[in-house]
Amino acid sequence: MASGLLRVPVILGRRTLVTSVPRLSGVTTTGDEVPVVGIQVPVTEEENSKWLLENNPPAPAKKGRNAHLREKLYTVIGNRDIVGPGVSGFAEYIEAEEFPFPAVRFMEPYPEIMPLLEKEKGDWKNLSIDEKKTLYRYSYRQTLKEEYTPEGLGKRLLIGTLFGLSCTMIYTQITIDYIFPWDPRAARTRQADWQGVHLGKLIAQNTSYTPGDPYWDYDKGEWRK
Amino acid sequence: MSQWGGTYYQMTFTSASSMSKLLYESIMNINCFVMTIVVCSMTMAIWSGMLVGHCRKWLKYELLEAIWTAVPALLIWWISSMSFFVLYTNAEHKEPTYFYSVITGHQWYWTYQYALVNEKKEFFGFEHDSYGLLLDEPSSSDDETVLSKGDMYLMDVDLPFVIPQGMPGELLVASDDVIHSWSVPALGITVDAVPGRLNRSPILAKTVGVAYGHCRELCGVNHHAMPIVVEIVTPKTYMKFMEQDS
């Protein structure tokens, strides 16, 4: 057995690793042993684990329900109580209509609420309205009514749509008025007499499924009597 | 029934355009059917209530997933079958070919060349240009370059393209300068006019009438002002037209 070995803990993150550091102080060796200068042969994993457990014992489990889970999930949920399976068994706080009871309470225990929690174990008729509200807010973030209130997304969409539409209309009118107005010579093609002759042409040419004028006789060129 | 400002398919003069129209209507039917189902399902999934609230709580439903994978695949197969049929039918050349016409695109007008074979098996034909009518006031009473009453601006031309009704023919489309595209939706024809290349398209107009079209490939400043007018006439009228001008 090699004596004089000093094990120095090296902290990496949340775990401690142990390495061995040689210390030479009046070590005498027989003919069999070879004097070793420098780093010793490292110990095995088993010896290292055993030493770790002796010198770094785990924190004692807290009393109460789900103490083992609380120990395991401390980094996820902190000191919050686990009160149910939740959604698929994960310890998360989820507010959803389909899954009304979250797995953990919303708040961590704080000193002011401890007497209320003791009072809650008794008859609930002794609790006042404000105390009930405080206990509710301790377990839940929102009431059902707050959860179901709409966020007004439809209003935002309508605002954006109307804004874009109005910008387009303003831009179009500015373009027509100042930048590239419609050809004024084409105005005569939009008059009623021009359109009437045009409609007669379309019907005579068999160009389109035109309704025509039911009171105009296109064959004779006169109003029907 | 057409209305002013409507956005419909135009009246069809050939089987190509009528089959395209039917294909569109079939696909639109299927589209409306699918949209109805999708919108109803989405509404049921989002809005909870006594009768439909359970849709929000489904976590897995393999049968439904299989249905909404297989049914769209079948619909797409059906649509593709119809469109392939229309595509290959429209590209068929109907024999025999009675007339040929060469259409040449320029900036910014069209040239039409007609060719027929007479009894002696000799080609005879002629050509003419087709310009869009202008908006100016007529300089004289018989000015044919400007709009007269009832004409459509950017749609009517001075000399339309004439083809016979009921006689299978072939259009050969080319270009003199840049790429144009000879397109008449009522005939179901859109052929690119590429310089250095001759593109063919079969044509068989079934009814008499007048069809309008436009250039469909950006070709310069007046790309909007090179319209196409096709007059479909009876074969007798077509022969008189050819003999008169050749």
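**View 1. Cysteines of chain B.** B:C215 is buried, with a relative accessible area of 6% (buried is under 20% relative accessible area, exposed over 50% and partly exposed in between, with a 1.4 Å probe and protein chains only). The model shown is predicted: local features need pLDDT of at least 70 and side-chain atom pairs count only at pLDDT 80 or more, while totals for chains, interfaces and linings use all residues. Residues are numbered from 1 along each chain as its sequence is written, chains are lettered from A and ligands numbered from 1 in the order in which they are written, and side-chain values use heavy atoms, without hydrogens and water. The cysteine sulfur closest to that of B:C215 belongs to B:C219; at 3.8 Å, this sulfur is too far away for a bond. A disulfide is a covalent bond between the sulfur atoms of two cysteines, assigned here to a pair of cysteine sulfur atoms within 2.5 Å. Over all chains, the structure holds zero disulfides. Another cysteine of this chain, B:C40, is partly exposed, at 42% relative accessible area.

**View 2. The fold of chain A comprises eight helices and four strands.** Helices (H or I, at least four residues) and strands (E, at least two) are DSSP runs numbered from the N terminus. Along the sequence, the elements of chain A follow the pattern β-β-α-α-α-α-α-α-α-α-β-β. Of the 225 residues in chain A, 15% are buried. Contacts (heavy atoms within 4.5 Å) between residues at least 6 apart in the sequence of chain A include 33% that join residues at least 24 apart.

**View 3. Salt bridges within chain A involve A:E118 and A:K121, and A:K119 and A:E131.** A salt bridge places a side-chain nitrogen of Lys or Arg within 4 Å of a carboxyl oxygen of Asp or Glu. Between A:E118 and A:K121 the N to O distance is 3.4 Å. A:E118 is exposed at 52% relative accessibility, and A:K121 is exposed at 65%. The side chains of A:K119 and A:E131 meet at 3.1 Å, N to O. This pair links distant parts of the chain, with A:K119 in helix α4 (residues 114-120) and A:E131 in helix α5 (residues 129-139) of chain A, twelve residues apart. A:K119 is partly exposed, at 35% relative accessibility.

**View 4. A salt bridge in chain B joins B:E170 to B:R200.** The closest N and O atoms of B:E170 and B:R200 are 2.7 Å apart. The pair connects distant parts of the chain, since B:E170 lies in strand β5 (residues 169-175) and B:R200 in strand β8 (residues 199-203) of chain B, 30 residues apart. B:E170 is buried at 5% relative accessibility, whereas B:R200 is exposed at 52%. A separate network, joined by salt bridges that share partners, consists of A:D183, A:R185 and B:D136. The count over all chains comes to 13 salt bridges.

**View 5. Chains A and B meet through 22 residues of chain A and 26 residues of chain B.** The buried area (the accessible area, 1.4 Å probe, that two parts lose on being put together, summed over both) is about 2,300 Å² between chain A and chain B. Carbon and sulfur atoms give 54% of this area. Five salt bridges are counted between the two chains. B:D156 forms a salt bridge with A:K201, their closest N and O atoms being 3.6 Å apart.

View 6. B:L187 is buried, with a relative accessible area of 1%. Not counting residues up to four places away in sequence, B:L187 touches B:F13, B:T14, B:A16, B:S17, B:I203, B:A211, B:V230 and B:I232. B:L187 and B:M11 are 176 residues apart in sequence and 8.6 Å apart in space, C-alpha to C-alpha.

**View 7. Two spans of chain B, residues 27-47 and 67-88, are listed by UniProt as "transmembrane region" in an unreviewed entry.** UniProt positions follow the numbering used here, feature names are shortened, and annotations may be inferred rather than shown by experiment. In the predicted model, residues 27-47 of chain B are 95% helix and 0% strand, with end C-alpha atoms 30 Å apart. Residues 67-88 of chain B are 100% helix and 0% strand, and their end C-alpha atoms lie 32 Å apart.
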